[in-house]
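Subject: Handover of a structure and notes on its features

Dear colleague,

Please find below the structure that I am handing over to you. I would be grateful if you could read the notes that follow with the model open beside them.

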Amino acid sequence: MIAVRLKPGATLNSPNGPVIETERLKLRQWRADDIAPNTAMLSDPGTARYIAADNKPVTDPFVGWRNAAIMSGHWILHGAGMFVVEEKTTGKYVGRVGPWFPPGWPGFEVGWGIAREFRGKGYALEAARAAIDWSFATFELDRIIHCIDRENTASQAVARRLGADKQDEFDLFGHPADIWVTHRDKWKA
């Protein structure tokens, strides 16, 4: 990354979005230092298979930068987006979780992507619960969807633990996916 210093007294616009804290995690806005760990997460073939647009591992730093720019830009364009998830005790990048509703998407989604080294700890579930709570509190929504590749059994398990029901189908980057739904009335019950 090119380092450019500001002139004395100059300031830049800095997004100041919500920060959500759970027992073990902090969900926050994107920063430049999130690009490298997000790119590393996407370089894992098992992760890229389900969340990279072309289903291929990200091996080019520019492609990783572009992905982080899309994630952070979603916040600027729509006022909400995927949060960076960091471990409170270490400050390490865990992944990204939160709203996603670009043009052509089948609905308001809360999705998740967790780096391999942090899987199996319940972080996806913990962060998704917080993001769903925030989404229902912030937006007039009756339902939140989760688009999950049919082969992604780990994400299906998270959706089940969230109380979501499989209700429809969707072509997710050329792979058949299921649309799982979390309903507001069931969520609040």
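This is a predicted model: local features need pLDDT of at least 70, side-chain atom pairs count only at pLDDT 80 or more; totals for chains, interfaces and linings use all residues.

Aromatic pairs

How many aromatic pairs does a search of the whole structure find? The search returns 10 of them. One of these joins Phe 62 and Trp 65, whose rings are stacked, with 5.7 Å from centre to centre and 20° between the planes. Both residues belong to helix 3, which covers residues 61–78, and they sit three residues apart, about one turn of the helix. Phe 62 has a relative accessibility of 49% and therefore counts as partly exposed. Trp 65 is likewise partly exposed, at 41%.

The rings of Trp 75 and Phe 83 have centres 5.1 Å apart, and their planes meet at 70°, so this pair is edge-to-face. Are these two residues buried or exposed? Trp 75 is buried, with 7% relative accessible area, and Phe 83 is buried at 0%. Trp 75 and Phe 83 are also members of one aromatic cluster, together with Phe 101, Phe 108, Trp 134 and Phe 139.

In soluble globular proteins, nonpolar side chains tend to be buried together. In this model, the largest nonpolar core contains 53 residues, and the ones with the most contacts inside it are Leu 27, Val 97, Trp 112 and Leu 162. Which helix gives the most to this core? It is helix 4 (residues 123–138), which supplies 10 residues.

Setting aside residues up to four places away in sequence, Val 97 touches Met 82, Phe 83, Val 85, Gly 111, Trp 112, Gly 113, Ile 114, Ala 127, Ala 128 and Ala 131.

The largest pocket

The largest pocket holds about 1100 Å³ of space. It is lined by 49 residues, and those closest to its centre are Tyr 50, Ile 51, Arg 96, Trp 112 and Gly 113. Trp 112 was named above among the core residues with the most contacts. The elements that contribute two or more residues to the lining are helix 2 (45–51), helix 3, strand 4 (93–100), strand 5 (109–114), helix 4, strand 6 (143–149) and helix 5 (153–161). Strand 5 provides the largest share, six residues. By class, the lining comprises 28 nonpolar, 11 polar and 10 charged residues.

Single residues

Thr 47 is found in helix 2 and is buried, with a relative accessible area of 5%. Apart from its neighbours within four places in sequence, Thr 47 is in contact with Met 41, Ala 52, Ile 114 and Arg 119. Thr 47 and Val 94 are 47 residues apart in sequence, and their C-alpha atoms are 13 Å apart in space.

Most residues other than glycine have a negative phi. Asn 55, by contrast, is not a glycine and yet has a positive phi of about 65°. This residue lies in the loop between helix 2 and helix 3. Asn 55 counts as buried because its relative accessibility, 19%, falls under the 20% limit.

Arg 129 lies in helix 4 and is partly exposed, at 36% relative accessibility. What does Arg 129 touch, not counting residues up to four places away in sequence? Its contacts are Arg 161, Leu 162 and Trp 187. Leu 162 is also one of the core residues with the most contacts. Between Arg 129 and Lys 88 there are 17 Å from C-alpha to C-alpha, and the two are 41 residues apart in sequence.

Ala 154 lies in helix 5. Its relative accessibility of 51% is over the 50% limit, so Ala 154 counts as exposed. Ala 154 and Arg 119 are 35 residues apart in sequence and 9.5 Å apart in space, C-alpha to C-alpha. Arg 119 is also one of the contacts of Thr 47.

With kind regards

Key:
Residues are numbered from 1 along each chain as its sequence is written. Side-chain values use heavy atoms; hydrogens and water are left out. Rings of Phe, Tyr and Trp (its six-membered ring) pair if their centres lie within 6.5 Å; planes under 30 degrees apart count as stacked, over 60 as edge-to-face and the rest as tilted. Helices (H or I, at least four residues) and strands (E, at least two) are DSSP runs, numbered from the N terminus. Buried means under 20% relative accessible area, exposed over 50%, partly exposed in between (1.4 Å probe, protein chains only). A nonpolar core is a set of buried Ala, Val, Leu, Ile, Met, Phe, Trp, Tyr and Cys residues joined through side-chain atoms within 4.5 Å. Contact means heavy atoms within 4.5 Å. On a 1 Å grid over the protein atoms alone, a cavity is a set of points where a 1.4 Å probe fits but cannot get out, and a pocket is an open set with protein on both sides within 12 Å along at least five of seven lines; lining residues have an atom within 4 Å of a point. Grid points are joined across faces, edges and corners, and a volume is the space filled by probe spheres set on the points. Ala, Val, Leu, Ile, Met, Phe, Trp, Tyr, Cys and Pro count as nonpolar, Asp, Glu, Lys and Arg as charged, and the others, Gly among them, as polar.
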